[in-house]
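Please look over the chain shown below.

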Amino acid sequence: MRRFLFLLLFLPILAFAQQVVRYEHRVMAGKNSQAPKGVVEAVLRMPTGEVNGKALVILHHKGGGRTGTTTQYGEDFSQRGFVTLEPRMFNVPNQSDMQVQVGQMLGALEYLAGLPQVRKD
């Protein structure tokens with residue numbers, strides 16, 4: 001009975017293959033080629049349904065710095081065959097200006113483009 005209860009409670013969690021990853025990004029500083037780099041933590045989800053080779057960056061509003069704000073979207077799209085990346089952009093102090101956020105978003109796209117599960121066409 002305990003095994004059944006364990007599976008009943010935790011099987012839905014195990015169905016969504018996710019991991020926390022970190023990727024580098026550049027701070028967009030105009031024409032400055034020596035722009036500083038930063039690191040963003042993100043939740044990466046691999047497809048659980050039929051793999052289609054496509055990827056999505058799932059962003060949230062500024063109030064969404066808490067873990068879990070975009071979970072339902074990541075789970076839904078991973079079931080539809082997408083690789084998803086959910087950056088935790090707003091939980092880092094002093095990184096809320098637009099130049100940093102644009103760099104974080106571009107870094108997320110570059111990270112996904114480098115994954116072998118994502119089609120290059």
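Helices (H or I, at least four residues) and strands (E, at least two) are DSSP runs, numbered from the N terminus. By that count the chain has 3 helices and 4 strands. Their order from the N terminus is α-β-β-β-α-β-α.

This is a predicted model, in which local features need pLDDT of at least 70 and side-chain atom pairs pLDDT 80 or more, while totals for chains, interfaces and linings use all residues. Residues are numbered from 1 along each chain as its sequence is written, and side-chain values use heavy atoms, without hydrogens and water.

The chain exposes about 8100 Å² (Shrake-Rupley method, 1.4 Å probe). Carbon and sulfur atoms supply 59% of that area. Contact means heavy atoms within 4.5 Å. Among contacts with a separation of 6 or more, 70% join residues 24 or more positions apart.

Strand E4 spans residues 83–87 and includes Pro87. Thr84 also has its place in strand E4.

| Residue | Relative accessibility |
|---|---|
| Pro87 | 2% |
| Thr84 | 0% |

Which contacts does Thr84 make, leaving aside its neighbours within four places in sequence? They are Val43, Leu44, Arg45, Leu56, Ile58, Gly74, Phe77 and Ser78. With neighbours within four places likewise set aside, Pro87 touches residues including Tyr23, Val40, Val57, His60 and Ala108. The C-alpha atoms of Pro87 and Leu44 are 8.6 Å apart, although 43 residues separate the two along the chain. Pro87 counts as buried because its relative accessibility is 2%.

Conventions: Buried < 20%, exposed > 50% of the residue type's maximum accessible area, 1.4 Å probe, protein only.
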